[in-house]
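Work through the exercises below with the sequence and the structure at hand. Each task is followed by its solution.

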Amino acid sequence: MRNVWLVAAGVLSATASLLHVATIVGGPNWYRFFGAGEEMARAAERGSAMPGLVTAAIATVLAIWALYAFSAAGVVRRMPLLRTALVLITGVYLLRGLALIPLLALKPHLVDTFAVVSSLVALCYGVTYAIGTWQAWPSLRSTASLPPA
């Protein structure tokens, strides 16, 4: 039976990756809507390659993270350094989600609806990865360290 938490984590990261690709295609208004900032939106309006390259890089990372979740769930072949990658991915999502707390304490004027929503989304992603990773942990041992059958 597949680990539903890791399948869900993979779907979440894949969806985020596709939304980043859609933002590149959607252009300046999409950058604004998804909170990339006015500087990114204006650069896209000027035809600069920078917003597309940055967003494509983020989309690529998110797609790789989805592959790791799917790999740990047994949906795709085993990826290298699976345990390490899942711990790091979980950590990044949780830290991104929890970053709202010091921001609220130190610079509350910077906290807007986008900051709150994106932090909660990242926190949900991190919790999904954490639960899935915790459940799958025993089965994620490196096959190189297993005794021969």
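**Exercise 1.** State how many aromatic pairs a search of the whole structure finds, and describe the pair of Phe 33 and Phe 34.

*Solution.* The search of the whole structure finds five aromatic pairs. Rings of Phe, Tyr and Trp (its six-membered ring) pair if their centres lie within 6.5 Å; planes under 30 degrees apart count as stacked, over 60 as edge-to-face and the rest as tilted. Phe 33 and Phe 34 are 5.0 Å apart centre to centre with 85° between the planes, an edge-to-face pair.

The model is predicted: local features need pLDDT of at least 70, side-chain atom pairs count only at pLDDT 80 or more, and totals for chains, interfaces and linings use all residues. Residues are numbered from 1 along each chain as its sequence is written, and side-chain values use heavy atoms, leaving out hydrogens and water.

**Exercise 2.** Classify Phe 33 and Phe 34 by accessibility.

*Solution.* Buried means under 20% relative accessible area, exposed over 50%, partly exposed in between (1.4 Å probe, protein chains only). At 65%, Phe 33 is exposed; at 30%, Phe 34 is partly exposed.

**Exercise 3.** Describe the pair of Tyr 93 and Tyr 129 and locate both residues.

*Solution.* The pair is tilted, with 5.5 Å centre to centre and 35° between the planes. Tyr 93 lies in helix 5 and Tyr 129 in helix 7, so the pair ties together parts that are 36 residues apart in sequence. Helices (H or I, at least four residues) are DSSP runs, numbered from the N terminus. Both Tyr 93 and Tyr 129 are buried.

Conventions: Helices (H or I, at least four residues) and strands (E, at least two) are DSSP runs, numbered from the N terminus.
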